[in-house]
Amino acid sequence: MTPKYMRAKSLPLTDECHHWTKIGEVPWDLQKYWQQRYTIFPYYDEGIRLTNDAWFGVTPETVATRIAQDMGQIISPDKTTLVDLFAGVGANTIAFAQSGIWGRIIAIERDAATLACAQHNADLYGVGDCIEWVHGDSFDVLKYLTSPSAEDDDDAAAVKKVDVSRTALFGSPPWGGPGYVTDAIFDLSGMEPYNLATMHAAYRRMDHALFLPRTSDLRQIARLVPSGGPKIGVVQYCVKGASKAMVTYIPAQGEEGNAVKSN
Ligand code: MGP
């Protein structure tokens with residue numbers, strides 16, 4: 001039986017939720033990222049918190065804002081719920097909430113300290129209350145959200161299920177650390193801990209957007225849909241003229257790989 005998931009209340013900030021103000025406080029391997037703190041979070045000084053691991057993967061605010069706008073344009077307008085599968089410290093989730101496009105935003109994060117940072121940061125941006133936070137493994141939570149069961153909907157504290165036909169997914173997964181830059185073409189089949197095939201298998205029933213290394217192998221992405229199937233979009237997102245990452249926009253598919261028609 002799929003476990004039931006409750007909406008996560010505001011989790012407490014812990015010793016892992018840092019707001020560094022001087023370079024001397026920052027571990028040497030994170031100093032490069034801390035130097036870019038105002039590109040990542042222009043309101044950093046308001047008290048933005050990050051866990052150590054979050055510095056490697058957090059989306060800079062201009063990129064997050066642009067992705068949020070593009071999601072509204074590229075994903076079909078009948079989608080009203082957005083699930084942010086790897087919320088991290090909240091950069092993308094905040095931008096989705098600020099876009100005002102979605103009737104419902106569910107943000108999932110597995111690590112309690114990271115989720116506490118995301119909730120805190122979203123509150124600083126004044127959008128914390130617009131987001132349903134879920135503490136758990138996103139693959140398990142997604143199974144729960146998409147498996148209909150009326151009895152869970154009677155439980156006021158449980159996260160309400162989603163209507164698959166009206167839901168889009170956004171995934172900014174771990175890429176296996178910053179080492180990805182050494183590959184001229186990044187092999188998405190070797191991405192750790194979740195590779196492209198694993199994610200696509202879990203997400204394919206819904207429109208989904210994946211935030212991936214800028215050098216990702218486009219042939220592997222193209223192979224996700226059969227020829228003649230729905231079109232996949234790929235957008236490179238740049239800061240000061242240099243790509244930071246690409247997002248691939250993948251339409252929902254039925255069992256045969258054909259596009260699922262939107263209403
Ligand atoms: P980067 O790897 O530090 O490259 O991150 P950059 O900034 O070009 O480095 P430089 O040495 O050229 O200055 C680029 C972007 O990739 C970051 O802004 C993050 O948004 C994103 N990113 C990096 N990593 C390692 C991850 C990851 O593991 N997961 C996700 N989702 N995004 C990541």
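How many cavities of 30 Å³ or more does a search of the whole structure find?

1. The search finds 1 such cavity, where a cavity is a set of points on a 1 Å grid over the protein atoms alone at which a 1.4 Å probe fits but cannot get out. The model is a predicted one, in which local features need pLDDT of at least 70 and side-chain atom pairs count only at pLDDT 80 or more, while totals for chains, interfaces and linings use all residues. Residues are numbered from 1 along each chain as its sequence is written, and side-chain values use heavy atoms, with hydrogens and water left out.

2. The largest cavity has a volume of about 60 Å³, a volume being the space filled by probe spheres set on the grid points, which are joined across faces, edges and corners.

3. The largest pocket, by contrast in kind, is an open set of points with protein on both sides within 12 Å along at least five of seven lines, and its volume is about 1200 Å³. Its lining comprises 49 residues, of which Asp-53, Ala-54, Phe-56, Gly-57 and Val-58 lie nearest the centre. Elements that give two or more residues to this lining include helix H3 (54–57), helix H5 (91–99) and strand E7 (242–250), and H3 gives the most, with 4 residues. Helices (H or I, at least four residues) and strands (E, at least two) are DSSP runs numbered from the N terminus.

4. Of the 17 residues around the ligand, Lys-32, Ser-172, Trp-175, Tyr-180 and Lys-244 come nearest, a residue being counted if one of its heavy atoms lies within 4 Å. A polar side-chain atom of Lys-244 lies 2.5 Å from a ligand oxygen atom, and a backbone N or O atom of Trp-175 lies 2.8 Å from an oxygen atom of the ligand. The protein covers 81% of the 650 Å² of accessible area that the ligand has on its own, by the Shrake-Rupley method with a 1.4 Å probe.

5. Helix H7 (residues 138–146) is largely enclosed by the rest of the structure, because 7 of its 9 residues are buried, that is, under 20% relative accessible area with a 1.4 Å probe and protein chains only. The buried residues include Phe-139, Leu-142 and Tyr-144. Asp-137 caps the N-terminal end of H7, with a side-chain oxygen 3.0 Å from the backbone nitrogen of Phe-139.

How values were computed:
1 Å grid on protein atoms, 1.4 Å probe; cavity = no way out; pocket = protein on both sides within 12 Å on 5 of 7 lines; lining within 4 Å. Buried < 20%, exposed > 50% of the residue type's maximum accessible area, 1.4 Å probe, protein only. Polar contact = N/O pair within 3.5 Å; in protein donor to acceptor, adjacent residues only side chain to side chain.
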